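Here is a friendly briefing to read alongside the sequence and the 3D view. Take a moment to find your way around before starting on the points.

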Amino acid sequence: MSKVSLEINGKKISKEIPDHTTLSIFLRDILNLTGTHVGCDTSQCGACVVHVDGKSIKSCTALAADLDGSKITTIEGLTTNGKMHPMQEAFKKLHGLQCGFCTPGMVMSAIDLLKNKKNPSDTEIRDWLEGNICRCTGYQNIVAAVKEAASKM
Amino acid sequence: MASLVGSRVERKEDKKLLTGRGKYTADVNFIHQTYAYFVRSPHARAEIKKVDISKASKAPGVVAVLTGADIANDKIGGLIAGWRIKSEDGSDMKVPAHPPLANESVNYVGDHVAVVIAESLDEARSAADLVKVDYKILKAVVKTKDAMDSDQIYKDIPKNMCFDWLLGDRAKVKEAFDKADKIIKIDIINNRLIPNAMEPRAANADYNPSTEEITLYTTSQNPHLARIIISAFNGVAPENKLRVIAPDVGGGFGSKIYPYAEEVVCSWAAKKIERPVKWVADRTESFLSDCHGRDHVTHAELAVKNDGTFLGFKNETIANIGAYASVFGTVTPTYLFGPCATGVYKMPAAYTNVKAVYTNTAPVDAYRGAGRPEATYTIETLVEKAARELGMDPAEIRMKNFPTEFPFQQTLVHSVDSGDYNAGLKKAMEMGEYESFEKRKKESESRGKLRGIGFCTYFEACGIAPSPVVMMLGCGIGLWESAEVRFNPTGNVTVFTGSHSHGQGHDTTFAQIAADQLGIPIENIEIAHGDTDKGPFGYGTYGSRSLTVGGTAIVKACDKIVAKGKRVAAKMLEVNEDEVDFNNGEFVVAKSNKKKTIGEVAFACYLPGTYGEVKSPLPDGEEPGLKETSFFDPANFSFPAGSHICEVEVDQDTGETKVVKYTAVDDFGTIINPLIVEGQVHGGLAQGIGQALYENCHYDDSGQLVTASYMDYTMPRADNFTDFNLGFTCTPATSNPLGTKGCGEAGAIAAPPAVMNAVIDAIGKEISMPATAEKVWAACNKKNKNSEAA
């Protein structure tokens, strides 16, 4: 067992957890933050992407204990006073989601892209999102949403 | 109030999904819940000699270990094939037993042998390793083509053949072929795919000992069907003691239409141990045990005159249906395939013969398009080859054979009510700049790349389905759809539908329809689905049916609401019923200022007494309340159609093929929400292009699934595509009042032949799907070879 202290969506949290607890399990099963999804076991699909100290990572293959002291933002932490983040607004406006399962990871990943690159091209967006699989949308409206968000952020 | 039908209304369901507040089955937890882990067969084919659970039962945290013997003792029924197909000789299809936990034999890698139920998932998984199964390994039957000549898997099923089905007239086809100037022949493979909804399948079953009711949360496109199967066929609980809830579901694409062994086992086990049992597939389990799609080996021929007129068509297909006949596993390669295989053309004579074979692979069932992609790939590959061999333009040969009068009696089954195929193809050629293709080809060549162009014109049968027709063809159920429209006393509305939304946006589209019909704001309408305890029985969502069948049920229920509202409003306004009109949410009396809003009428319906100055609004004999139900059974299928043109660029040095330009012009009839429809087309195209260029399910000769992770099975990703160019034409369907035809599968149906025809055009050689870099490179770099083996 390890004691892990994290700041999650602005809240400080300390828990005793088994050493092998992944961050996704910690979020979903221990904190009931089920917005972070798990779609594969091989760190390929990207449904589980969250931000650790501002950078996007795949939470299904990160050990929570390794991240002791980090600041974590999940999809639930993006809204402020009930208002959605511009990326979330853009996904809604341009129909960048269908079943919604890959969406939290997609949104978290896209926000990280815009942190590094203010006005990415279509190709840069498509390359960046290569680690997030969506089976519903064919990606076109996702790319459009990221561009829309870039123009608003 | 402006009409919402036809508007790009942003989706009502998005906010919860975008903020992490969606509730998927894996997010559902119960107090005292246990965790199930399935022991699966590591062998493709084996006899089970013994299952020893003694060690596993004693492992830490284990609550129960259940096996096929327990299933048999409790008389839990097997999984079913939902559609009875008859062979050409009149005999019934042959179906092996499919117990939810195997008892005597296992028949594919991933087949269910036992379930370990423990206090935690870790403990269940660890204990599963201690279940000792003594197998006698047998030689697996794997390859579709060879299945009939391989070892016999089931004692009573010779040649491993489920059925040998014929649709059409062989003698007429022979006559037509005798008259032909030229016969075009192809041998193609429709590659096996794995559906890969991003949400892995899951179930959480809770048993309430006091009411003796099971509540099953599950990842289903069709909770009502799950309930009736688990009750009536598996016998886990009577229907009135089983509630099935499919909450938010993360995609289905056909793979979640019907219940699997896991839902049956979790429900049965929850009742047995009187505790909730939760199971969530990991991705490898999904690859192994979700039903797969496609997997046809086809020889087809087209008889043509020298001027390009089609005379006849033959189609000899072997369809691999996997180890067991799944619910829609037998209809997919027959009635969903055969009738559409003559394509969108006048075809004087045709037949389709399908031999469905069992193999030691996962069951094959409906996957986006289900039968129609296979049909379209067959005919469109032939038609393009015919154009090449006759030296005709691919558009010209198609237009020459399009029907121009509707209704069009299609060769094998369907009477197509409406369409304008010439208009669609012309529009696609304009939008796709067909005239200037040669210029773009030269430009690509200047960069050392090969460029090719490919066409696909398709039609499909959706709006599944007229129940009397499908039942006559062997379907074990009706395929109508239901709706209940319930005005709440305060004037807002809940619409219950028997269909299910798992990405299609019903919460929005259906609300648009109801808002228009009832003349109330869309914000005041809630769409309820996915819970068998809420709303009427329905048949779920697949086959691009929900809007056409389920949406129409909503229209009809709204009509009944308005009819009752008129009677009540007439009483309230003290006029005759025939003097009342209903417009934009108001009951009005012509040439007067008398009117009542539908909200006022609804409120009055719930307060039918007389008090003070308010008189009872209800006419004599009228029941209080305002709630109406409708069951809609369509008179015909609906027939979306379209023209897709694809351009690819091939790098001869690496074999890499990229779709560089893709134009899709579809006729879906009336479009309710263009924003959502475009999204459906985009998604279908990605799956269709995925099939053509990237995706392939591969079993090795021993029946091991080699492509069982995202590192081995190529899922299309954002960087595989460029933007698609979409256009629409509209000939409204005549079989439903909305005029809709269905849009969910079009992309997956049209894209594979459009892409492959473009690849063949680019490299000048026939090649099988998926046209991976390796295959294309080999084809480009092999000299003097016209075709390439699969």
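Of the 14 residues of α3(A), 11 are buried, so this helix is largely enclosed by the rest of the structure. A residue is buried if 20 or more other C-beta atoms, placed from the backbone, lie within 10 Å of its own. This is a predicted model, where local features need pLDDT of at least 70, side-chain atom pairs count only at pLDDT 80 or more, and totals for chains, interfaces and linings use all residues. Residues are numbered from 1 along each chain as its sequence is written, with chains lettered from A and ligands numbered from 1 in the order in which they are written.

**Helix α3 of chain A**

- Helices are DSSP runs (H or I, at least four residues) and strands are too (E, at least two), numbered from the N terminus.
- The buried residues of α3(A) include Thr103(A), Met106(A) and Leu114(A).
- Their cover includes β3 (49–52) and α5 (140–152) of chain A, and also α1 (14–18) of chain B.

**Two domains in chain A**

- An automatic or database domain assignment gives domain 1 (2–76) and domain 2 (86–152) in chain A.
- Their contact (C-beta atoms, placed from the backbone, within 7 Å) takes 15 residues from domain 1 of chain A and 11 residues from domain 2 of chain A.
- On the domain 1 side of chain A that touches domain 2, β3(A) gives the most, with 3 residues.

**A contact set in chain B**

- Leaving aside neighbours within four places in sequence, Val759(B) is in contact with residues including Gly452(B), Val648(B) and Ala771(B).

How values were computed:
A residue is buried if 20 or more other C-beta atoms lie within 10 Å of its own, exposed if 12 or fewer, and partly exposed in between; C-beta atoms are placed from the backbone.
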